[in-house]
Amino acid sequence: MDASVQTKTHNLAKGDTLLAVDNVSLSFGGVKAITDVSFDIKKGEIRAIIGPNGAGKTSMLNVINGFYHPQQGRITFKGETRQKMRPYVAASQGIARTFQNVALFKGMTTLDNIMAGRTLKMNTGFFWQLWRHGPAMREEVEHRHIVEEIIDFLEIQAIRKTPVGKLPYGLQKRVELGRALAMEPELLLLDEPMAGMNLEEKEDMSRFIIDVNTQYGTTIALIEHDISVVMDLSDRVVVLEYGRKIADGTPNQVKNDQTVIDAYLGVPH
Amino acid sequence: MEAAQALREDTFPKLLARNARVRGDRPAIRHKDLGIWQTWSWAEVYANVRALAASYHALGLERGDTIAIIGANRPKLYWSMMAAQMLGAIPVPVYADAVADEMAYVLEHAQVKLAAVQDQEQVDKILSISDRLHYLKYIAYDWGRGLRDYDHARLRSIEELIQQGRKSLQDKAVSAALDASMAAGKGADTSVILYTSGTTGRSKGVMLSAERCINAATDSVAFDKLNDRDEVLAYLPLAWVGDHYMNYAQGLVAGYCMSCPESAETVQQDLREIGPTFYFAPPRVFESLLTRVMIRMEDASAPKRKMFHYFIGVAKKYGEKILNGESVPLSGRLMYELGNLLVYAPLKNVLGFSRMRVGYTAGEAIGPELFSFYRSLGLNLKQLYGQTEAFLYVTVQPDGQIRADTVGPLAPNVEVKISPEGEVLFKSPGMFLGYFRDEDRTAETLTPDGFIKTGDAGFFEPQSGHLKIIDRAKDVGKLANGDLFPPKYVENKLKFYPNIKEAVAFGDQRDAVTCFINIDITAVGNWAERNNVVYGSYQELAGHPLVYDMIAAHVNEVNRSLAQEPMMAGAQIKRFLILHKELDADDGELTRTQKVRRGFIAERYQPLIDALYNGSQEADISTEVTFEDGRKGMISARVKIRDCDIVPVSARSKAA
Amino acid sequence: MHVLYMVLIDPFVQMVSAPDLFIQTIWEGLVAGVLYALIALGFVLIFKASGVFNFAQGMMVVFAGLTLIAFQDMGLPAIVALAASIGVMYLLAFSIERVVLRPLVNQPDIILFMATFGITYLLIGFGEMIFGGEPKEVNTKAFWLPQGSIEFPVLGGFVQMQKIDIAAAIIAGLMIAALAFFFQKTRIGRALRAVADSHKAALSVGISLNQIWVIVWFAAGIVALVAGIMWGARSNVSFALQVVALKALPVLILGGFTSIPGAIIGGLIIGVGEKLGEFYWGPLMGGGIESWLAYFIALGFLLFRPQGLFGDKIIERI
């Protein structure tokens with residue numbers, strides 16, 4: 001990928017706060033999923049969110065990209081504070097994500113899936129679309145080029161025209177990452193990017209995540225169960241338990257934190 | 001005319017210059033990048049190679065130096081070979097999937113000064129062994145992804161080298177020096193060193209001279225009437241003689257275009273898009289293609305499947321006869337034409353063989369049915385027998401003399417004799433200069449009168465003059481009772497079944513033949529799905545009783561077929577087992593060209609062999625495996641053993 | 001024995017002995033089938049994109065037809081009336097999205113299904129208020145649709161075809177081709193397919209569900225308008241038509257709820273099946289077979305191939 005896929009820097013420099021959640025609480029009916037959690041994500045870092053099952057990690061991602069609306073708290077993204085996000089706003093402001101159990105457009109090809117990630121970058125109107133010449137055609141070619149760069153980046157050329165429903169799980173996860181990258185996100189949310197993968201696939205995925213982060217400066221927040229992966233990849237780690245934040249810091253700090261050891265690391269999974 | 005010209009151009013860079021002059025606008029090389037085929041003409045390639053040569057020279061590459069070429073088939077890696085040869089330096093292509101240890105040996109033994117590599121993976125590999133490489137100065141890479149933050153003291157991007165070279169060539173003196181260097185190249189100089197993986201011991205560096213390479217390629221280009229309108233897909237490993245011959249040498253001699261696939265996984269699609277006119281593949285590629293076709297047919301709707309099998313039957317009956325120009329009844333011809341319309345042509349299109357004029361297979365014996373299958377579709381598939389040391393061709397089948405069970409008569413200008421022990425010896429136009437820095441083994445390989453020992457046992461069929469290869473000379477053994485035991489012959493019969501991927505037969509000095517089998521996970525996995533056989537892993541599938549039943553049926557069939565042949569009846573398989581893991585080159589069980597390393601396997605799986613001969617019904621085994629990144633792990637299993645039907649001795653005693 | 005003969009043998013004897021009649025019957029069936037297919041198509045569009053079973057589709061056909069007639073009666077030129085009707089259908093789609101779908105987002109499917117009942121009765125009430133209850137006829141001449149019929153000899157007899165039917169078949173075909181093109185080749189089409197596959201994934205890439213819903217309901221509205229014109233050209237447009245529109249249900253069971261080709265082929269099969277049944281077997285049962293045969297065929301399909309001819313296969317791995 002070249003400059004065309006690089007994220008726009010706006011006026012934030014590396015290390016500035018890109019996203020902050022402040023005192024967020026979320027409940028479903030009477031069930032509390034998240035209780036008064038605050039943390040921030042700095043531009044350019046890889047931020048891990050870990051915790052036992054049911055700790056509220058996925059709920060947290062859903063709050064950030066607007067799927068869930070918290071009852072209390074605020075979300076500040078790129079300096080703009082909101083009480084809640086909406087998916088469309090999140091997407092158009094530069095938040096892309098993948099899902100724990102892969103949410104792809106199963107009937108469509110790899111190419112079309114990644115193309116779908118370009119939706120917000122396409123401008124030509126409805127009627128040009130019908131005509132499919134002129135601006136719409138030019139636009140399609142431009143976007144196709146960017147998508148091809150992503151395909152090249154993720155080394156999935158061989159499955160370009162394969163309907164994704166037919167792909168093995170590991171490759172589906174890769175296509176899903178590709179679709180998120182096609183949005184040229186500023187913040188990439190990855191929900192267990194390596195779940196269900198074998199060792200080799202995990203290594204590939206780690207490599208892609210690091211490459212995305214270093215080459216394009218994309219900020220990444222990820223949920224992951226494999227602790228060794230988290231320790232290798234991330235700059236800072238947030239630990240949740242029962243919807244509360246119990247630790248926050250560098251991998252080393254977190255690893256040696258007694259609360260964390262008791263709550264999480266000590267227990268075998 | 002072409003031959004006369006080739007003599008004048010006695011090195012590959014001179015051929016490149018000629019092609020740029022004679023057919024500068026014709027496509028020379030293509031590469032699919034970002035989903036689009038990029039094409040470079042001969043003139044462009046020549047300019048790029050000159051620029052790259054100038055930069056390599058600036059990095060210190062001199063006449064007689066060596067440069068490693070590591071990676072997949074990429075234009076810039078081929079250009080690196082040409083650029084090195086332009087300077088009188090010697091390219092050493094290395095298998096890209098070699099593990100770090102193997103690579104360290106080759107690079108150090110070849111004393112490479114420079115390495116031109118494909119990507120980060122190869123750069124990492126070389127950096128991890130750099131303390132063992134005393135001659136290596138620089139690494140040039142094709143694809144820069146992930147390398148941006150690396151220390152570039154010893155790293156260069158090939159793209160940038162070409163840009164810089166272009167600038168420096170604007171200086172007349174630099175340009176003239178390069179031309180002089182190219183002109184100073186002599187045909188007798190070593191042109192390339194190809195390391196053969198060798199079934200035993202360390203790899204040997206086969207030194208080939210430019211004029212011999214060009215002579216051999218000129219002969220074969222004339223033999224198959226190739227010209228600059230032909231197209232090939234370069235997908236075989238750069239380090240293999242097949243790629244260097246078919247794509248590099250013949251391409252430069254005939255001036256045809258080679259296309260580099262997008263990635264190793266897309267070869268099949270790229271093949272379809274390019275539609276090569278000349279195609280070369282080892283039997284296992286043809287085998288896996290057929291397996292895939294058959295699997296797709298099993299999943300097709302019933303009418304489609306019926307139509308397919310019916311017309312494949314028609315092709316079996318008439319196809320080869322039509323191809324060989326024999327007489328065929330009119331009705332047969334008509335049915336074949338109909339079959340062509342409905343089945344063969346679409347099938348060839350899917351396989352990418354629509355435009356194929358000549359196809360070769362070599363490297364090991366091809367199953368006769370497999371061979372006939374492709375020929376019956378109307379594909380001019382032929383066999384050749386060759387070696388790296390010969391720069392490929394020893395024998396080759398001319399049109400009209402094509403058979404599955406022989407490798408054909410002698411190739412042009414080749415001499416062959418059979419030693420008293422039955423070993424095939426040859427002299428050929430392309431024969432090697434010797435092994436690089438290994439005079440002992442060079443001497444071992446040559447006979448006093450200058451013939452090269454192939455290590456293969458074979459004989460000439462009296463009536464046709466075709467050569468027949470039985471097996472590796474040292475592998476042909478005898479059972480305890482004196483019956484002949486040619487392991488490869490038996491294994492090839494087994495491997496003909498799509499369900500069997502690999503087989504290793506034992507029996508030398510034993511009282512019976514036994515066998516390890518590797519199932520083909522694609523074929524058997526598909527079968528399992530259709531038959532509701534549930535399995536969680538390769539190991540589980542391999543040990544499944546129903547899979548054993550199926551394989552046992554195949555083995556019994558092989559025994560029946562062996563019993564038909566008087567010399568082979570003693571080699572029937574008495575017991576077999578299915579291995580719990582796939583044999584793998586990373587574990588040293590196969591060579592890099594996917595050939596079985598029998599001795600190593602026998603040692604590694606000793607407990608299993610013991611069990612095959614002591615009558616037990618199962619055995620435990622635990623082995624070390626190497627992952628791609630070099631880490632090691634253990635894998636253990638309990639493997640079951642099956643007894644097979646032996647066709648009674650009466651048939652055998654008659655033969656004896 | 002006699003009954004068996006009448007059921008199993010005699011109809012076929014009749015078919016063979018009077019082939020021209022047989023072909024005529026098939027043609028009639030195909031013509032009816034085209035209409036069923038168009039209505040089913042509207043259902044499929046909405047079902048694919050939003051998972052809503054739109055009970056109001058039949059009523060939308062009536063409503064669209066009556067709207068057009070009303071504009072024509074106001075003395076507008078045909079093309080203006082058509083454009084205005086399309087505008088009304090867009091307005092309808094827009095309001096449905098705003099008033100019904102958006103507030104009900106994330107509610108169970110059954111709630112949305114019930115909501116479409118509401119839409120149906122609202123349209124009936126509203127329609128009767130504006131257009132009145134009596135049947136009306138579309139002025140086909142104004143649309144340059146051909147009149148009269150052609151006759152040609154077939155196998156010793158004659159087959160008669162209404163020119164309007166032929167035109168209807170061609171127009172329906174063109175519209176289906178246009179829809180297919182739209183779905184496969186345009187960005188909006190890609191977004192529609194994306195939404196059909198996974199709502200949350202579509203949301204995550206910034207596809208606006210609300211916009212997509214307006215588009216599919218609008219597309220379904222246009223399909224309804226075409227169906228309304230076709231129907232109105234052959235006979236009258238009236239609120240009774242929505243009962244006929246329910247025939248789309250067996251068509252969907254046959255063709256699969258998510259398949260556009262399924263809707264078309266299913267429609268044709270039901271149309272032809274009905275006419276053949278009515279003509280050859282109907283007399284045995286005293287006629288009227290046409291009204292329930294389609295449901296009978298659908299029932300058979302439910303037993304043996306619940307996903308329909310072209311619907312997504314339901315594969316569960318053990």
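The contact between chain A and chain C takes 26 residues from chain A and 19 residues from chain C, where two residues are in contact if their C-beta atoms, placed from the backbone, lie within 7 Å. This is a predicted model, in which local features need pLDDT of at least 70 and side-chain atom pairs count only at pLDDT 80 or more, while totals for chains, interfaces and linings use all residues. Residues are numbered from 1 along each chain as its sequence is written, and chains are lettered from A and ligands numbered from 1 in the order in which they are written.

**Exercise 1.** Describe the side of chain A that touches chain C by element and by class.

*Solution.* Begin with the elements: H2, helix H3 (110-116) and helix H4 (126-131) of chain A each supply at least two residues, helices being DSSP runs of H or I with at least four residues, numbered from the N terminus. Of these, H2(A) brings the largest share, four residues. Then sort by class, which gives 15 nonpolar, six polar and five charged residues; here Ala, Val, Leu, Ile, Met, Phe, Trp, Tyr, Cys and Pro count as nonpolar, Asp, Glu, Lys and Arg as charged, and the others, Gly among them, as polar.

**Exercise 2.** Find how the two domains of chain A are arranged and where they touch.

*Solution.* Chain A is divided into domain 1 (13-94 + 185-269) and domain 2 (108-184), with bounds that come from an automatic or database domain assignment. Their C-alpha centres lie 26 Å apart. Eleven residues of domain 1 are in contact with ten residues of domain 2. On the domain 1 side, helix H2 (87-93) and helix H7 (199-216) of chain A are the elements that give two or more residues, and H7(A) gives the most, with four. That side has eight nonpolar, two polar and one charged residues.

**Exercise 3.** Identify the residues of the largest nonpolar core that touch the most other members.

*Solution.* A nonpolar core is a set of buried Ala, Val, Leu, Ile, Met, Phe, Trp, Tyr and Cys residues joined through C-beta atoms within 7 Å, and a residue is buried if 20 or more other C-beta atoms lie within 10 Å of its own. The largest core has 195 residues, and B:Ile67, B:Val94, B:Ala115 and B:Ile517 touch the most other members. Helix H3 (residues 42-58) of chain B provides the largest share of this core, nine residues.

Definitions and conventions
A residue is buried if 20 or more other C-beta atoms lie within 10 Å of its own, exposed if 12 or fewer, and partly exposed in between; C-beta atoms are placed from the backbone.
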